[in-house]
Amino acid sequence: MEKHISDSMNDEIIKKAAELFDIEISQINYHGGFENFIYMFTRNNLEYVLRFVHSDHKIYEYVLGEIEFIDYLDKNGACVSTIVKSKYNNVVERIMINDKDYFTVSVFTRGLGQMVKEDVEDPNFWSNLGEQVGLLHKLTKKFKPKHKRPIWYDDTLYQIADKILIKDELPILNILKETIDYVKNLEENINNYGLIHTDLHLGNMVIDKNKNLTFFDFDDAAYKHFISDIAIVIFYRLAFYDLSIEERNHKSVWILNNFFKGYSTNNKLPKKELLKLNDFLKLRELTLYTVLLANGQEMANSEWVSKFIKKYRKRIIHKTPFIDTEYLLANLDYND
């Protein structure tokens, strides 16, 4: 989070939000946030999220588009948070910081259950996850929004990448631009492209005792290829382990065989789309690399981040594929 954004949050902003959404201010607790400010509170034994989005991160219209999308998914049976309206019956409220900058504030249910374990090995979990992602992709084909959401390459991060990836990072910048240009020119149609979550890693969902999932954090929802959501699932399950290409191939096949058992009950993704998987995995490598550097030297010097940067800089420079897509297609039990 950029310093001028973090400096703009104060108790007065929180107080105004509490008034707008009829929340007891004593119940509000800071939960964290990487790009936004996330607070939690409890009402009638249910947990809720109170979120503040700075206008320099997402404009009001884009946040309204996100909330509209979540509400549409919720009302059509998807496993997503439920939106809570303000006392003025609005799904979002705007709180001014100064004459130009503002926060867009929203409230929604957190979802029942606990965070998903990173090393989950239950095939039923992956099938259930696939079923729910397939439903998101099925529903987005019929979504007729009133409000805008961005196309993926309009993300602010890509617009300022040349200010982040400087000096020794220029080779990374060039590969990022090359990858963006390549993905921008991929074929787009109703069966492979639409408004999607774009960040469906296990940290953005909870699971209850009955194995029901709830997806949250649609902040990055954008128009993008469906295969991107699937690439995110694979990337965040495998990227932070020291695995050989053979181990990644094997684990990817196992995950996706279970994932598509569920996915195909709701949506049919053309099998040829899986040939693009490495392109979206590479885009995620580059995006996360840039995000981590964008958050300042202190974060870049931390043990986890410095280890990630060192490992993935080498992979990016050498254009090392994340998995072998030919092996994947030969061993995947999925037909479109």
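Mentor: Burial words first: buried means under 20% relative accessible area, exposed means over 50%, and partly exposed is anything in between (1.4 Å probe, protein chains only). This is a predicted model, with local features needing pLDDT of at least 70 and side-chain atom pairs counting only at pLDDT 80 or more, while totals for chains, interfaces and linings use all residues. Residues are numbered from 1 along each chain as its sequence is written, and side-chain values use heavy atoms, leaving out hydrogens and water.

Let's look at helix 12, which covers residues 303-317 (helices are DSSP runs of H or I with at least four residues, strands are E runs of at least two, and both are numbered from the N terminus). Tryptophan 304 sits in this helix, and its 45% relative accessibility is why it counts as partly exposed. Together with Phe240 and Tyr241, Trp304 makes a nonpolar surface patch of about 290 Å². Patches take residues with over 30% relative accessible area and no salt bridge, joining like charges within 9 Å and nonpolar side chains (Val, Leu, Ile, Met, Phe, Trp, Tyr) within 5 Å; the areas are Shrake-Rupley values with a 1.4 Å probe, and for residues only the protein chains shown count as cover.

Now the charges. The structure holds 13 salt bridges, each a Lys or Arg side-chain nitrogen within 4 Å of a carboxyl oxygen of Asp or Glu. One of them joins arginine 313 to glutamate 169, with the closest N and O atoms 3.5 Å apart. That pair ties together distant parts of the chain, 144 residues apart: arginine 313 is in helix 12, and glutamate 169 is in the loop between helix 6 (161-164) and helix 7 (170-184). Arginine 313 has 25% relative accessibility, so it counts as partly exposed, whereas glutamate 169, at 15%, counts as buried.

The crossing of helix 10 past helix 12 is left-handed, meaning the near helix is turned anticlockwise from the far one by less than a right angle (clockwise would be right-handed).

Finally, the loop between helix 12 and helix 13 holds lysine 319. Most residues other than glycine have a negative phi, but lysine 319 has a positive one, near 50 degrees. Its side chain meets that of glutamate 178 in a salt bridge of 2.8 Å, N to O. This pair links distant parts of the chain as well, with glutamate 178 in helix 7, 141 residues apart from lysine 319. Lysine 319 counts as partly exposed because its relative accessibility is 47%, and glutamate 178, at 42%, is partly exposed too.
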